[in-house]
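This briefing reviews helix packing, strand pairing and chain contacts in the structure shown below. The points are grouped by topic.

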Amino acid sequence: MTRPASPVPVPHDVCIHPGPALLEGVADGPSLAAHRERFGDLPAVALPDLLRLVRGVGLRGRGGAAFPFAVKLEAASRRRRPVVVVNLSEGEPASAKDSALALARPHLVLDGAVAAARALGSRELHLVVTGERPRVRLSIRQALEERGGDVAVHVHTATPRFVAGQARAVIELLSGRPNLPVTAWTPEAVDGLRGRPTLLSNAETWAHVGLLVLRGEGAYRRHGTDAEPGTALLTLTSPGEDPHVREVAYGTRLRDVLPEAAQGLPALVGGFHGSWATWPTLASARVSVPGLAALGTPLGAGVLLVPDADTCPVELTSRIVTFLAGQSAGRCGPCLNGLPALAAAVRDLATGWGGASRAGELAALVRGRGACAHPDGTARLVRSLLGTLSHEVAEHAAGGCTHASAAVAS
Amino acid sequence: MSRLRVDWPSCQARGLCHELLPELVELDEWGYPIVGGEVTDDLVADARAAVRACPRLALRLVAR
């Protein structure tokens with residue numbers, strides 16, 4: 001069976017804008033010499049100090065779930081010989097921020113992971129890259145060669161699949177089994193790779209840890225708000241355009257971040273597992289994890305996808321759901337059966353053959369019924385289409401669409 | 001209090017859980033279980049029976 005291609009292809013080129021902290025002075029290039037000149041040598045940090053640092057700024061994971069990093073770090077430190085994993089698999093095609101870090105700031109990511117590995121007394125540091133993004137793998141290899149043998153690092157290549165980057169799927173890959181999600185009875189930080197506590201985070205999270213260790217809490221707090229210090233990486237995508245990766249301080253207005261062409265248009269916030277937001281919502285929103293979650297549009301892994309005015313969001317959602325259905329590992333019944341049915345229901349909606357009720361029922365049915373959050377994320381996207389863009393959905397149900405692309409709807 | 005949790009990759013829609021515990025387990029249109037909320041005290045024995053009977057060992061009673 002061939003799997004449908006992503007409606008937003010994995011980018012070959014990423015436009016990386018200089019930013020205030022992680023991406024400060026990226027024009028220097030990714031070399032270790034340039035990194036050390038800007039950030040200095042990596043100091044040794046004891047575990048209690050590292051915990052204090054990450055707790056002090058309330059660092060959250062940047063892979064999408066926004067889980068407090070300090071909680072994971074503490075859990076991983078409670079049992080013997082923890083394992084540290086840097087997840088660079090970035091299975092979401094519309095996201096390019098971890099790739100951007102790997103290309104522009106690999107040593108900041110590595111410094112964060114190495115500092116944590118040393119603080120935890122880990123003997124193993126694993127990096128997971130994806131075959132879909134060859135430049136990332138090359139850049140990481142070069143960075144590791146430059147560093148020499150300061151820590152034993154194992155590099156793994158993830159399967160190109162949306163769910164391959166999920167934490168348990170990554171641990172399966174590291175264990176030599178198929179790179180697919182399995183049921184997690186306990187958190188990875190308690191019981192992960194070969195039963196050891198496993199501290200697994202994505203590249204952006206590690207870069208923030210690196211920045212905190214290298215620059216200290218005071219410098220970190222210079223950006224963002226008191227409640228939410230620091231910055232976040234966003235991937236801004238418009239179809240037909242290379243994505244832009246921008247680093248923005250928490251509290252920045254979204255309307256100041258979105259390109260001019262996006263003004264007035266709805267956007268998909270949080271990527272393929274994200275939610276639609278209308279322009280009035282976007283115009284008043286700020287970059288904030290709790291703030292955007294309260295609006296019903298969680299920031300997720302920082303993807304903002306703005307279809308151009310000619311692209312119908314119902315049609316685009318239909319293509320995304322069809323793609324996501326094909327990305328299922330096919331191991332969990334509700335996902336294996338429910339996602340293709342959901343994709344068909346949304347396709348019917350887009351072509352005017354069906355109403356919203358079947359899609360809504362299926363979205364509610366698959367939720368929470370899988371080893372990973374793939375059905376939940378796909379259901380979230382569909383529910384947000386039905387809720388936020390109900391006027392577009394109603395137009396389709398009546399057989400109409402105001403967008404030019406409807407003429408070539410597949 | 002406890003609840004039932006399904007090991008989804010192991011579940012193959014054999015349906016015994018529904019036969020033994022219809023109070024808490026419904027089946028979806030493909031035969032996979034839809035597990036209800038808390039396992040109340042009067043249902044714990046039946047829930048344990050359903051867990052033991054699953055031919056795929058895909059059902060667990062977990063503490064909450």
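Angles between axes under 35 degrees count as roughly parallel, over 145 as roughly antiparallel, 65 to 115 as roughly perpendicular and the rest as oblique. The structure is a predicted model, to which the predictor assigns an ipTM of 0.96 and a pTM of 0.95. Chain B has an average pLDDT of 95, and 100% of its residues score at least 70.

- The buried set consists of Lys97(A), Asp98(A), Ser99(A), Ala100(A), Leu101(A), Ala102(A), Leu103(A) and Ala104(A).
- The axes of α4(A) and α8(A) come within 8 Å and cross at roughly 50°; the two helices are therefore oblique to each other.
- On the α4(A) side the contact involves Lys97(A), Asp98(A), Leu101(A) and Ala102(A), and on the α8(A) side Ala203(A), Glu204(A) and Ala207(A).
- By class, the residues of this contact between α4(A) and α8(A) are 4 nonpolar, no polar and 3 charged.

**Helix α2 of chain A and its packing on α8**

- Helix α2(A), residues 47-56, and helix α8(A), residues 203-220, have axes that come within 10 Å and cross at roughly 95°.
- That angle makes α2(A) roughly perpendicular to α8(A).
- Leu53(A), Val54(A) and Gly56(A) of α2(A) meet Val209(A), Leu212(A), Val213(A) and Glu217(A) of α8(A).
- The contact of α2(A) with α8(A) comprises 5 nonpolar residues, 1 polar and 1 charged.

**The open sheet of chain A**

- In chain A, 4 strands form an open sheet with parallel pairing, in the order β4-β3-β2-β5.
- Strands β4 (153-158) and β5 (198-202) of chain A stand at the edges with a single partner strand each, so one side of each has no neighbour in the sheet.
- From one strand to the next, the twist of this sheet averages 20°.
- Strand β3(A), residues 124-130, pairs with β4(A) in the parallel sense over 6 bridges, and Val129(A) has Thr157(A) in β4(A) as its bridge partner.
- Helix α8(A) lies across β2 (83-87) and β5 of chain A, and runs at about 100° to β5(A).

**Leu22 of chain A**

- Leu22(A) lies in the loop between β1 (15-16) and α1 (32-39) of chain A.
- Leu22(A) counts as buried because it has 24 C-beta neighbours inside 10 Å, against a cut-off of 20 or more.
- Beyond its neighbours within four places in sequence, Leu22(A) is in contact with Arg105(A), Leu108(A), Ala207(A), Leu211(A), Thr231(A), Leu233(A) and Glu247(A).
- Glu247(A) is 225 residues from Leu22(A) in sequence, while their C-alpha atoms are 7.4 Å apart in space.

- Across the interface, 8 residues of chain B are in contact with 11 residues of chain A.
- The chain B side that touches chain A has 6 nonpolar, no polar and 2 charged residues.

Note on methods:
Residues numbered from 1 in each chain as written. Chains lettered and ligands numbered in written order. Predicted model: local features only at pLDDT ≥ 70, side-chain atom pairs only at ≥ 80, totals over all residues. Buried ≥ 20, exposed ≤ 12 C-beta atoms within 10 Å, placed from the backbone. Contact = placed C-beta atoms within 7 Å. Axes fitted to C-alpha atoms, helices over the stretch in contact; angles between N-to-C directions. Nonpolar A, V, L, I, M, F, W, Y, C, P; charged D, E, K, R; others polar. pLDDT = per-residue confidence, 0-100. Pairing = 2+ DSSP bridges.
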